[in-house]
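Here is a friendly tour of side-chain contacts, from charged pairs to aromatic rings. Have the structure open as you read along.

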Amino acid sequence: MKKESVKKEKAEKKGQVKTEEKNQKSIVTSRVLFISVLDKIYLVILGLCFLIGTFSIFNGSIGSLNYGFWARVGREILFLIVLFVLYLFLNWFYKCAAKTMLCLTKNEVYKEHYIPFKRSETSIPLNKITGVSTINVFWIFRTIIIHQYHKFPMFFATWNNQEFKDALNELMTTDKEHVENEYENRNIVTQNMYKYVAYVGMALAIIIVLLGIVRFFTYTFNGERKLAGTYTYENNKIVLNKNGSCSIEGLVDNVTDCNWNYDSNDKELKLNYEYEYSYYYSRYTSTSSSSITLKYNDKALEYRDMKFTK
């Protein structure tokens, strides 16, 4: 038994030596330009999308009858789902960019390139390289160019392009050893940031609850609700609903959608509606929108020479 265990240990040591011989450390490793701040850039983009999207969804007069609070909550939930899908896509792209590298060993220039659904490797022996050059635009946008025999140059945008160029100019050998790609496997949102994401989620939930409370009281005590009801003038009828919707009969034909709001300063009520129409030469109908402004006086609606009463 002791002999077998000794043999196993020797075999394991030999295996370790072989794997260590297969992987070699690079002299210079270059990563994609801006990779060190790419996750921060993505976080800023996601944060701005979250703030702008949430603000635009809940923006408006919260006490208005046609504010539609629960519809906005539904849109916010859908927006968060879309934002999460966007995060997964950006995180996927970020991980691909983090693994992409260009490195220099004593034998070759080796490149691993990752894009969604695809991984590619390029190995250029040093004796196949005709030259190397760098390009710096506005100091910060840096690129290294590897020139080859009878092939298109290899371009790689990286911060340490000058260091790579200086090291490459010193070498001229070939070998077929595998290059070890050492990168930090991380996501845009790291584990240490989960608690901050939870704080943002709790803050959003609290804000939505507060908005719901404000909406409840402003809607309950909104003076516009007193205007709701059915107003008639001869064969014309206007129905104002407490939820901000309305219907029009006689005054306008083929109304498909309608909402109303009241300006207490000018004592004017505005009906915004959509209606269908068709040209005499066409069998298809089209939709357009328009509005009617009525004066509210003595619990009656006045439009031109018509006076609609409850």
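## Salt bridges

In this predicted model, D39 and K40 form a salt bridge, with their closest N and O atoms 3.5 Å apart. D39 is buried at 2% relative accessibility, whereas K40 is partly exposed at 43%. The whole structure holds 5 salt bridges.

Another one joins K237 and E249, whose closest N and O atoms are 3.8 Å apart. This pair links distant parts of the chain, with K237 in strand 11 and E249 in strand 12, 12 residues apart. K237 is partly exposed at 27%, and E249 is partly exposed at 41%.

K295 and E268 also meet in a salt bridge, at 3.4 Å from N to O. K295 lies in strand 15 and E268 in strand 14, so the pair ties together parts 27 residues apart in sequence. Elsewhere, E112, R119 and E121 are linked in a network of salt bridges.

## Aromatic pairs

Turning to the rings, the structure has 12 aromatic pairs. The ring centres of F34 and F141 are 5.7 Å apart and their planes stand at 85°, so this pair is edge-to-face. F34 sits in the loop between strand 2 and helix 2, and F141 belongs to strand 7, so the contact ties together parts that are 107 residues apart in sequence. F34 is partly exposed at 29% relative accessibility, and F141 is partly exposed at 43%.

F58, F69 and W70 form one aromatic cluster.

## Charges over rings

Two arginines are worth a look here. R72 lies over the face of Y67, 3.9 Å from the ring centre. The charged end of R142 sits over the ring of W159, at 4.1 Å from its centre.

Definitions and conventions
Residues are numbered from 1 along each chain as its sequence is written. This is a predicted model: local features need pLDDT of at least 70, side-chain atom pairs count only at pLDDT 80 or more; totals for chains, interfaces and linings use all residues. Side-chain values use heavy atoms; hydrogens and water are left out. Rings of Phe, Tyr and Trp (its six-membered ring) pair if their centres lie within 6.5 Å; planes under 30 degrees apart count as stacked, over 60 as edge-to-face and the rest as tilted. Helices (H or I, at least four residues) and strands (E, at least two) are DSSP runs, numbered from the N terminus. Buried means under 20% relative accessible area, exposed over 50%, partly exposed in between (1.4 Å probe, protein chains only). A charge sits over a ring if NZ of Lys or CZ of Arg is within 6 Å of the ring centre and within 35 degrees of the ring normal. A salt bridge is a side-chain nitrogen of Lys or Arg within 4 Å of a carboxyl oxygen of Asp or Glu.
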